[in-house]
Amino acid sequence: MAPITASDRITPGVEDVIADAKRHGNAGTGEHSMVLNMGPQHPSTHGVLRMVLELDGEIVVSLAPDIGYLHTGIEKTCEAKFYQQVVPLTDRVDYLCPMTNNLAYCLAVEKLLGLEIPERAQLLRVLLNEITRIESHLVWLGTHAMDIGALTMFLYCWREREATMRIFEAVSGQRMMTSYFRIGGLALEPPMGFFETVQTFLDTMPAHIDQYEGLLTGNPIWMGRLKGVGTLTAAQAIALGVTGPPLRASGVDWDLRRDMPYSGYERFKFDVPVSNDGDVWARYVVRMLEMRESVKICHQAMQMLEGLPRGADGKPGPIVADAPKIVLPNREKMKTEMEALIHHFKIVTEGFAVPAGEVYQAVESPRGEMGYYVVSDGTAKPYRVHMRNPSFATLQALETMCKGRLLADVVAVIGSIDIVLGEIDR
Amino acid sequence: MYDPASALTGKTFVFEAMAENPAVVALSELATDAKFDRDELTITVARESIVAACEAVKAAGYNFFETVTAVDWFPQEPRFQLSYHILSHSLKQRIRLRVMLHSTAASVPSITSVWPAANFYEREVFDLFGIDFAGHPRLTRIMMPENWEGHPLRKDYPVEGYR
């Protein structure tokens, strides 16, 4: 068999990589440097991230991310759908925190409509969002530790993630693509036994986090790989648009849940973990503390939900806004009331018109600031939906964090910024 | 429910009603139009003055660049609307800067000199809308393949793509 050469064009071939490196502005062909293609099929890139690295020995001279492998044109698709039909699309943007995407989109459209959401729906949204944050952080911890070589962590994290998946399945019938939130509230009343399941999960979670920390925090290999690696100063983080845990790990005390509250977050008492080190270790510490804070928020939400007044018939309060032309009626009403049937038919076939205007709604996703910019021209379909996703901006800081470090540290840094390619490429 | 009468439109109205707002103070010269709608402040500036406007609001405390994106109002003219979202950590406020572009001159100065974070966002707008950012360090396609024809998020580009 003839040896494989550059002329065989294995995609991406050697020549492609060098051409790419030149196009991305890297010298690529210096006397002491070599160009290395990393990804898109690389286990540590958490999806299909491709990087063109210029190396001097094992030292990273420059790094250019090449993205777009997962581009599905979600923003374009949104423009062809009714407002309520966009909700399932938002799940697919950041598939590790579907509820957060749902929330950001629903809040944006509700702001356009000027819709008031019942307190019970708001509290349930907060509760599910915080469980989503724990779930997303568990995926981060499992995969990040696996990249570094602590393979056992993955199994422990997936064990607890299974519990959160079951909670999502109970409310929405889906484990990952939940589409549980609706414009005006929530899709369904949580099933029987839901709150008991959540309570059990919340009661056991702090002990599990202790277990993770027992395996990692004092571990000399873990410390050696993480401490002092991939540092980012506060000024650099702000200049490069970094948000969320990496921003807080660089010493900027900013959390949208506390500083620009939405969906009733102003009523919750929680701490925002901040670290001044700015390295991979600091990001690990911040996220571990965030999981504990999320458990605290969930406990408060459960208490508030329990304390809500019940109706005369003993039933809990509504989970959707009183807006029959926007929110689908429940099945029972639809089959007994003519009005409800008409509204149902109208919403499904024609959608509902949204007053013209533009809004930007940002929420704190597990990865940082997730903003939905929705423009309406007064019809039933959004004129433009833009998603400002945290990973997209954080990826710009990758070169700053990796430059001058060893190639092996690139893997640790990518793990620490917790990117999701679905939301980068959209 | 939203009441369209609650919106303030026009530079004079908005700038009188929000005279103490730091962004309003900073942009009193550069603004050409303004809107305060649904608790969100939008200030329109001319294409040439976007970099100066960004520097002015940055000096006024709006330290964090969030996103820039475009809206295609095809077949209306001016066709493209650029929306810059800028956040202030200290004021806990957000403003939207707006630039309108004619389809014949779809080019705007890059603000990467003010916020390097705009780099990827401007590349995205260039890729999907075909708007040029003068002075951008590496203005290449970011989402679509390099040899792609057309700009998918333009309104005259079909949702299914060209077949």
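Strand 7 of chain A (residues 368-376) is largely enclosed by the rest of the structure, because nine of its nine residues are buried, where buried means under 20% relative accessible area with a 1.4 Å probe and protein chains only. The model is predicted, so that local features need pLDDT of at least 70 and side-chain atom pairs count only at pLDDT 80 or more, while totals for chains, interfaces and linings use all residues. Residues are numbered from 1 along each chain as its sequence is written, chains are lettered from A in the order in which they are written, and side-chain values use heavy atoms, with hydrogens and water left out.

**Strand 7 of chain A and its partners**

- Strand 6 and strand 7 of chain A run antiparallel and are joined by nine bridges; strands are DSSP runs of E with at least two residues, numbered from the N terminus, and two of them pair if DSSP finds at least two bridges between them.

**The largest pocket**

- The largest pocket has a volume of about 1,200 Å³; a pocket is an open set of points on a 1 Å grid over the protein atoms alone, where a 1.4 Å probe fits, with protein on both sides within 12 Å along at least five of seven lines, and its lining residues have an atom within 4 Å of a point.
- Of the 38 residues that line the largest pocket, those closest to its centre are Val320(A), Val327(A), Leu328(A), Pro329(A) and Asn330(A).
- Helix 14 of chain A gives the largest share of this lining, six residues, where a helix is a DSSP run of H or I with at least four residues.
- By class, the lining of the largest pocket holds 21 nonpolar, seven polar and ten charged residues.

**The second largest pocket**

- The second largest pocket has a volume of about 760 Å³.
- Among its 32 lining residues, Lys111(A), Pro261(A), Gln361(A), Arg38(B) and Asp39(B) lie nearest the centre.
- The elements that give two or more residues to this lining include strand 6 (357-365) of chain A and strand 2 (31-37) of chain B, while the largest share, four residues, comes from strand 6 of chain B.

Technical notes
Points joined across faces, edges and corners; volume = space filled by probe spheres on them. Nonpolar A, V, L, I, M, F, W, Y, C, P; charged D, E, K, R; others polar. Buried < 20%, exposed > 50% of the residue type's maximum accessible area, 1.4 Å probe, protein only.
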